[in-house]
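Hello,

Here is the structure we spoke about. Please open it alongside this note. My findings follow below.

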Amino acid sequence: MHELSIAQHIVELVRQHVNPADAKNVAAIRLKVGAVAGVAADSLEFSFHAITADTPLKNTRLEIEHIPFRIECLKCGVVSENETGIVVCDTCGSPDAKVLSGAELDMTEIEILEAVQAAT
Ligand SMILES: [Zn+2]
């Protein structure tokens with residue numbers, strides 16, 4: 001399963017970037033997943049929670065930001081979005097367009113809770 005190997009890769013990246021003592025304090029991992037990245041967000045979340053269930057990351061949230069497939073028409077200049085990855089301008093129908101986003105799969109942030117007392 002594709003999402004499972006991505007989830008394992010995310011866990012591996014967290015291991016590389018986070019001090020083992022802080023692993024249990026990782027509150028959230030933020031990702032950007034493009035509409036045509038070929039990743040099902042709910043499946044990725046499920047896989048992540050399945051493989052971290054008995055680890056210090058068991059309470060970590062996976063926050064997935066959906067990035068639409070976005071193209072800029074080179075003919076009329078209009079930027080349009082779709083979920084299918086079709087490179088055809090919404091406005092004029094031209095296939096002559098530049099892909100701006102939608103294929104990304106990036107880990108953007110690891111949020112670690114500081115082991116501090118309530119800041120009152
Ligand atoms: Zn156009």
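**Salt bridges**

Glu111 and Arg30 pair through their side chains in a salt bridge, 2.4 Å from N to O. Glu111 sits in strand β6 (residues 105–112) and Arg30 in strand β1, so this pair ties together parts that are 81 residues apart in sequence. Glu111 is partly exposed, at 23% relative accessible area. Please keep in mind that this is a predicted model.

Arg61 and Glu63 form another salt bridge, at 2.8 Å from N to O. Salt bridges with shared partners join Arg30, Arg61, Glu63, Glu109 and Glu111 into one network. Within it, Arg61 is partly exposed, with a relative accessible area of 42%. Glu63 is partly exposed too, at 27%.

Glu12 and Arg15 also make a salt bridge; their closest N and O atoms are 3.7 Å apart. Both residues lie in helix α1, three residues apart, which is about one turn of the helix. Is Arg15 buried or exposed? Its relative accessibility is 55%, over the 50% cut-off, so Arg15 counts as exposed. Glu12, at 35%, counts as partly exposed. The structure holds eight salt bridges.

**Zinc site**

Which residues hold the zinc ion? Its protein donors are the SG atoms of Cys73, Cys76, Cys89 and Cys92, lying 2.3 to 2.4 Å from the ion. Their spacing in sequence reads C-x2-C-x12-C-x2-C. The angles between the four donor atoms run from 105 to 119°, and this makes the arrangement tetrahedral. For reference, the ideal angle for four tetrahedral donors is 109.5 degrees. Cys73 is buried, at 3% relative accessibility. Cys76 is partly exposed, at 36%.

**Nonpolar core**

The largest nonpolar core has 15 residues. Ile10, Val14, Ile29, Leu31, Leu44 and Phe48 touch the most other members. At least two residues come from each of α1 (2–17), β1 (26–34) and α2 (41–52). Helix α1 gives the most, with five residues.

Take Leu44 as an example. Setting aside neighbours within four places in sequence, Leu44 is in contact with Glu3, Ile6, Ala7, Ile10, Leu31, Val39, Leu62 and Ile64.

**Ser101**

Ser101 belongs to strand β5 (residues 97–101). Ser101 is buried, with a relative accessible area of 10%. A polar atom of its side chain lies 2.9 Å from the backbone oxygen of Pro68. Not counting residues up to four places away in sequence, Ser101 touches Ile67, Pro68, Phe69 and Arg70.

Best wishes

Methods:
Residues numbered from 1 in each chain as written. Predicted model: local features only at pLDDT ≥ 70, side-chain atom pairs only at ≥ 80, totals over all residues. Heavy atoms only, no water. Donors = N, O, S within 2.8 Å, 3.2 Å for Na, K, Ca; no water. Tetrahedral: all angles 85-135°; square planar, octahedral: opposite > 155°, others 65-115°. Buried < 20%, exposed > 50% of the residue type's maximum accessible area, 1.4 Å probe, protein only. Helix = DSSP H or I, 4+ residues; strand = E, 2+ residues; numbered from the N terminus. Polar contact = N/O pair within 3.5 Å; in protein donor to acceptor, adjacent residues only side chain to side chain. Contact = heavy atoms within 4.5 Å. Core = buried A, V, L, I, M, F, W, Y, C linked by side-chain atoms within 4.5 Å. Salt bridge = Lys/Arg side-chain N within 4 Å of Asp/Glu carboxyl O.
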